[in-house]
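This report takes a reader through selected local features of one protein chain. Please keep the sequence and the structure at hand while reading.

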Amino acid sequence: MAGSDKAGLEKAIEVIDLHKSFDSVEVLKGVSVTAHQGEVIAIIGGSGSGKSTMLRCINMLETPTKGTIKVHGEAIELKSDGKGGLKPANQDQIRRIRTRLAMVFQSFNLWQHMNLLENVIEVPVHVLGRSKAEAVEMADSLLHRVGLYEKRDTYPAFLSGGQQQRAAIARALAIEPEVMLFDEPTSALDPELIGEVLSVIGDLAKEGRTMLIVTHEMKFAQEVADRIIFLNDGIIEEQGDPKILFSAPKSEHLRRFISSIG
């Protein structure tokens with residue numbers, strides 16, 4: 001897994017010279033990343049380094065100020081917003097591309113008025129147009145997979161944080177995404193619940209799924225990632241094979257970061 005060579009495979013995600021500013025604050029300052037098909041990339045860095053913003057731009061939850069994003073070679077169409085930034089030029093394209101990308105957030109974002117089964121089938125039925133019977137069959141399989149089938153009729157408020165995050169992963173998988181984006185999926189969990197979520201993500205990585213994972217779990221990143229990207233102050237300061245990057249970091253900032261979380 002870690003450090004394997006994916007360079008000859010199709011490019012699943014390309015981020016080219018990505019910039020993002022919020023008012024006068026430039027959070028991303030020219031980030032370029034390529035994730036090949038089946039590659040697992042762990043994105044690390046301190047608070048405010050731009051990690052989550054980069055993921056949100058890929059999924060168009062935030063619109064870049066400048067730059068290009070491609071999903072399996074298809075560039076997301078952007079146009080001027082008249083204020084020095086960009087905005088989506090084609091909402092139909094955005095909706096279509098979002099069905100190819102699944103994002104798991106740190107705060108779970110489950111629909112509280114729906115039980116787990118309803119959470120998992122909502123998008124396949126009402127957005128992707130699948131039959132309810134087909135969606136329920138897939139949902140049951142996914143809930144089995146994340147260890148929550150017995151909780152399929154339970155509402156999120158009655159679940160632990162770890163269970164809610166595993167349910168969120170099942171919901172993300174239900175759209176059969178080509179790329180999965182994880183934004184610090186364990187940061188809101190109590191320490192004793194982190195392992196159950198990391199185990200599910202680790203199993204997904206073994207399947208050869210394309211994944212970009214923002215995480216502060218360094219041991220986990222070393223174990224599952226093909227490549228580590230270290231973001232610092234809005235730029236990629238260092239990237240490479242996990243074993244090399246963690247054992248012999250070139251960047252002083254990365255050395256300090258690893259020491260601080262070690």
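## Basis

The structure described here is a predicted model.

## The open sheet

Four strands are arranged as an open sheet in the order E2-E1-E4-E5, and their pairing is antiparallel.

His 72 belongs to the loop that lies between strand E4 (66–71) and strand E5 (74–75). The hairpin of E4 and E5 has 2 residues between the strands, and within this hairpin His 72 takes a positive phi near 50°. The relative accessible area of His 72 is 18%, and because the cut-off for a buried residue is under 20%, His 72 counts as buried.

Once neighbours within four places in sequence are set aside, the residues in contact with His 72 are Glu 10, Lys 11, Ala 12, Gln 37, Arg 100 and Glu 178. With one of these, Glu 10, the side chain of His 72 makes a polar contact of 2.9 Å. Gly 38 is 34 residues away from His 72 in sequence, while the C-alpha to C-alpha separation of the two is 12 Å.

## Helix H9 and its buried face

The buried residues of H9 are Leu 254, Phe 257 and Ile 258. Viewed down the helix axis, these residues fall within an arc of 95°, so they line one face of the helix. Arg 256, Ser 259 and Ser 260, on the other side of H9, are exposed.

The packing partners of the buried residues of H9 are strand E3 (40–44), helix H7 (218–224), E11, strand E12 (235–240) and helix H8 (242–247). At the start of H9, the backbone nitrogen of His 253 has a side-chain oxygen of Ser 251 within 3.1 Å.

## Rings and charges

The model contains 1 aromatic pair. This pair is formed by Phe 230 and Phe 257, whose ring centres are 5.6 Å apart and whose planes make an angle of 40°, an arrangement classed as tilted. The pair links distant parts of the chain, since Phe 230 lies in strand E11 (residues 227–232) and Phe 257 in helix H9 (residues 252–261), 27 residues apart. Both Phe 230 and Phe 257 are buried.

Charged side chains are also placed over rings: Lys 20 lies over the face of Phe 22, at 4.9 Å from the ring centre, and Arg 171 lies over the face of Trp 111, at 4.6 Å from the ring centre.

Thr 186 is located in the loop between strand E9 (179–183) and helix H6 (191–206). With a relative accessible area of 2%, Thr 186 is buried. Apart from neighbours within four places in sequence, Thr 186 is in contact with Ile 194, Val 197, Leu 198, His 216 and Glu 217.

How values were computed. Residues numbered from 1 in each chain as written. Predicted model: local features only at pLDDT ≥ 70, side-chain atom pairs only at ≥ 80, totals over all residues. Heavy atoms only, no water. Buried < 20%, exposed > 50% of the residue type's maximum accessible area, 1.4 Å probe, protein only. Contact = heavy atoms within 4.5 Å. Phe/Tyr/Trp six-rings, centres within 6.5 Å; stacked < 30°, edge-to-face > 60°. Lys NZ or Arg CZ within 6 Å of the ring centre and 35° of its normal. Arc of directions from axis to C-beta. Polar contact = N/O pair within 3.5 Å; in protein donor to acceptor, adjacent residues only side chain to side chain. Pairing = 2+ DSSP bridges.
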